[in-house]
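Please keep the structure open beside the text.

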Amino acid sequence: MSTIRNIECKCPFCSKEFVETIQGSYTTFGLCLDSMPHGAAIVPNPIARCPECGFTEGNFFKEEDDKLLKEYLKEKKVNLNEPPYYSLAKEYEFLNKEDTLIAETYLKAFWESLNNYGYKDYDEKCIETLQKLAIDRMDKIKHTNHKYLKFQFIKLDLIRRLGEFDKGLSLIDEIKSIDILGLANLDDYSNEAKNDLKPSKSVIQEEINESSKYYQEKLNELLKIQEELIKNKDKDIHTLKKDLGETLFSHDGRGMFFL
Ligand SMILES: [Zn+2]
């Protein structure tokens, strides 16, 4: 179940007042192979966008971004028919935010167009363009990033769904050659782990060492699913078994730390 309500917003940049629909509580049943949640919910979670200047609200703006954003909104004419997450991804890109954040926001713009919630009808061409943009942004994520592997798996699913099966098979080979324990050194981790709720790097390192075999098995399981789908030239969306999804892609649990 999903609770929708309208809230009154005021744009911090042009002072326009407008009403935006937001989602309160919602239920999801699990994740798809590209980590998209499925269930009785609007996916992705709707975000507010000013109908006057196009400013799109995100969670990762800092005070010092304001000046640049103001200039950006003045210069760029935001197309209000584009998915809001696409507008947000371009804001993040302009502000030079982390590659993983930009990639994830493009991914959500793709989901938004796919699920066509409350916005203009997106045609297939538009959906495919967003899908390819998300892949391009995932390509920019560095090997040393602790979320690198997670995004390789998501990319693999997007590539398969585009019907690029040979490319998918090469990516599977590439993923197989990645040293998971090597990734676990988490070079980038300390930059991102500013939230006290996240376990410390050493705790994660220890857990990874202890459970690397378990995760390797889960990773292999996921690669096998993709290999099978590619063999059958399957371009459809598929859901993940709950435990596998939680292990690999959990957005609020530990899953993501291992990938
Ligand atoms: Zn505005």
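Ile7 has Glu20 in β2 as its bridge partner. The model is a predicted one, in which local features need pLDDT of at least 70, side-chain atom pairs count only at pLDDT 80 or more, and totals for chains, interfaces and linings use all residues. Residues are numbered from 1 along each chain as its sequence is written.

**The sheet**

β1 and β2 pair in the antiparallel sense over 8 bridges; strands count as paired if DSSP finds at least two bridges between them. Strands here are DSSP runs of E with at least two residues, helices are runs of H or I with at least four, and both are numbered from the N terminus. β2 (residues 17-31) also pairs with β3, again in the antiparallel sense, over 4 bridges.

| Hairpin | Residues between the strands | Turn residue with positive phi |
|---|---|---|
| β1 and β2 | 6 residues | Ser15, about 65° |
| β2 and β3 | 5 residues | Ser35, about 75° |

Which strands stand at the edges of the sheet? The 3 strands form an open, antiparallel sheet in the order β1-β2-β3. β1 (2-10) and β3 (37-40) are the edge strands, each with a single partner strand, so one side of each is left without a neighbour in the sheet. From one strand to the next, the twist averages 55°.

**The helices**

Two packed helices are described by the angle between their axes and the distance between the axes. The axes are lines fitted to C-alpha atoms, for helices over the stretch in contact, and the angles run from 0 to 180 degrees between N-to-C directions.

Helix α4 (residues 124-139) and helix α5 (residues 148-161) have axes that come within 10 Å and cross at roughly 150°. That makes α4 roughly antiparallel to α5, a term for angles over 145 degrees. The crossing of α4 with α5 is left-handed, with the near helix turned anticlockwise from the far one by less than a right angle. On the α4 side the contact is made by Gln131, Ala134, Ile135 and Met138, and on the α5 side by Phe151, Ile154, Lys155, Leu158 and Ile159; residues are in contact if their C-beta atoms, placed from the backbone, lie within 7 Å. By class, this contact has 7 nonpolar, 1 polar and 1 charged residues. Ala, Val, Leu, Ile, Met, Phe, Trp, Tyr, Cys and Pro count as nonpolar, Asp, Glu, Lys and Arg as charged, and the others, Gly among them, as polar.

α5 also packs against helix α6 (residues 165-176), at an angle of about 165° and with the axes 8 Å apart. That makes α5 roughly antiparallel to α6, and their crossing is left-handed. Gln152, Lys155, Leu156, Ile159 and Arg160 of α5 meet Phe165, Lys167, Gly168, Leu171, Ile172 and Ile175 of α6. This contact has 6 nonpolar, 2 polar and 3 charged residues.

**The whole chain**

Now for the wider view. The protein has 11 helices and 3 strands, following the pattern β-β-β-α-α-α-α-α-α-α-α-α-α-α along the sequence. Of its 259 residues, 33% count as buried, with 20 or more other C-beta atoms within 10 Å of their own. Among contacts with a separation of 6 or more, 60% come from residues 24 or more positions apart.

Notes
Angles under 35 degrees count as roughly parallel, over 145 as roughly antiparallel, 65 to 115 as roughly perpendicular and the rest as oblique. Two residues are in contact if their C-beta atoms, placed from the backbone, lie within 7 Å. A residue is buried if 20 or more other C-beta atoms lie within 10 Å of its own, exposed if 12 or fewer, and partly exposed in between; C-beta atoms are placed from the backbone.
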